[in-house]
Structures are given as C-alpha cells and as structure tokens.
Amino acid sequence: MANKVMTAEPYSLEFDPKSTALVIIDMQRDFVESGGFGESLGNDVSILRKAIAPTKRVLDACRKLKMMVVHTREGHRPDLTDCPPSKMERGQPKRRIGDDGSMGRLLVRGEKGHDIVPELYPNPGEVVIDKPGKGAFYATDLEPILRNSGIKTLIVCGVTTEVCVNTTVREANDRGFNCVVLEDCVGSYFPEFQQAGLAMIKAQGGIFGWVSNSDNAVKAIAA
Ligand code: C5J
C-alpha cells in the first residue's frame, strides 16, 4: 500500500496504513458517563462526550482499511493489588477507586463502568490493553504488540488530553513511534488543558508528535 499524507501541525505526516495503528485511549464509561470515576472526582463528563462521534468516524475509516486498532482501558484488579495507595488517596475524593458507583466498582476491571462506551466498542480481533497507570506502555504488553505487528505510527484519540493521552504520547515518542493526536477526538474536563495539552505536543517542531483532526485523518486514510 502506498504511503498516505495527513495534513497536520507542525507539518504534514506521511504514514503507511500497514505500519499505522489507531490507538483509542480510555474511552470508558467511567470517564465519559455520569456515575463513573471521572464524575466522582468532581468533573463534568459531558464535555468529553464530544470526542465520541469524530473518533467513531476515524475508527470506521481505519476498520475499512483493516488497519490495526488498539483500545486501552485504565483500571485495576478487583483486589486492587495493582493500584498504588498514592493513586487511591490522591485528591481526597468522596468516592475512591474500588468503591461502589452506579456502574459498579469505580475503575475496576470487569465492571460496567470500566468498559468501553458502546459507540466505540472493540470489534473481535481488535487489541484491548488493560493498563493500571496513565501511560498505555506502563506495566502493559503494548510495546511488544506494536513492534511485533510492525507498527511505526500511532493515530491517537481518547481521554483525557493532558493525562492519559499526553502520558501515552510521551511514552510512545521515547520508544520511537510517530504519534499524531486528533484534536477533536481527544477531550479534557478543562478547556485550558485541552489547548495546552495539544500545544505542547506539536511545539518545537513536533517535540512529542503531530496534531491534526478527524477530517484530515479520514481524508488521508480514505485517499
Ligand atoms: C485520568 C485518563 N484522567 N484516562 N485518566 O485519570 O486520562
């Protein structure tokens, strides 16, 4: 398959769909639906839901081309032995990881709230990475999965822009992957962090990667 070109900042990104994966970070009910972990921290989850529709368009385009698709989920074992006490206690939330919520225990694997939203639900054969941290490479097998599949470029969507998206992009960049983050397919509870989180990726000639959007991505993938 010939290389494709995506309009992006700070400059266009050339990619081969065969060596490119779509990585959708933590589009879980716990972050984007009410009653979940995000809301328990005092956040308005509705702002994140704007990323769902554009991400679905990119997902459909990638699926059509049989590109690799990776979904990640942040969460912990039911006994919470993989959750650092510092993470559980930080922020003194009224409800903590592992506590009961309206979608099951907060951020616990196997619970309804931990799963991916129906609109973006993984198809059979798509990779699902369960991660205990913010970065998708920390304590997971994401790196060997990408390397063994010949992946060099990551198209990144998901939540939240300044936390799990930024952490994952930085981890990926240090491992030699080219990342392009689609600005309308990522979301933050804080508009100012959305702006800053994207600006710091593309600054200094793309110090961590590229920033583009769903229209550019779909156009490039479908070209
Ligand atoms: C957070 C995430 N914000 N997926 N997780 O705790 O960004």
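The model is predicted, so local features need pLDDT of at least 70, side-chain atom pairs count only at pLDDT 80 or more, and totals for chains, interfaces and linings use all residues. Residues are numbered from 1 along each chain as its sequence is written, and side-chain values use heavy atoms, without hydrogens or water.

**Helix α6.** Helices are DSSP runs of H or I with at least four residues, strands are E runs of at least two, and both are numbered from the N terminus. α6 spans residues 161–174 and has 14 residues. From first C-alpha to last it reaches 18 Å, close to the expected 20 Å; the expected span is 1.5 Å times one less than the number of residues. Its buried residues (under 20% relative accessible area, 1.4 Å probe, protein chains only) include Cys164, Val165 and Val169. Among the elements covering them are β7 (127–131) and α7 (191–206). Gly176 follows α6 with a positive phi, near 95 degrees.

**Cysteines.** The whole structure has 0 disulfides, meaning pairs of cysteine sulfur atoms within 2.5 Å. For Cys185, the nearest cysteine sulfur belongs to Cys157, 4.1 Å away.

| Residue | Relative accessible area |
|---|---|
| Cys164 | 2% |
| Cys185 | 0% |

**Cores.** A nonpolar core joins buried Ala, Val, Leu, Ile, Met, Phe, Trp, Tyr and Cys residues through side-chain atoms within 4.5 Å. The largest has 41 residues, and Leu22, Leu182 and Ile221 have the most contacts inside it. α3 supplies the largest share, 5 residues. Another core, of 26 residues, lies apart and includes Val169 and Cys179.

Terms used
Buried means under 20% relative accessible area, exposed over 50%, partly exposed in between (1.4 Å probe, protein chains only). Contact means heavy atoms within 4.5 Å.
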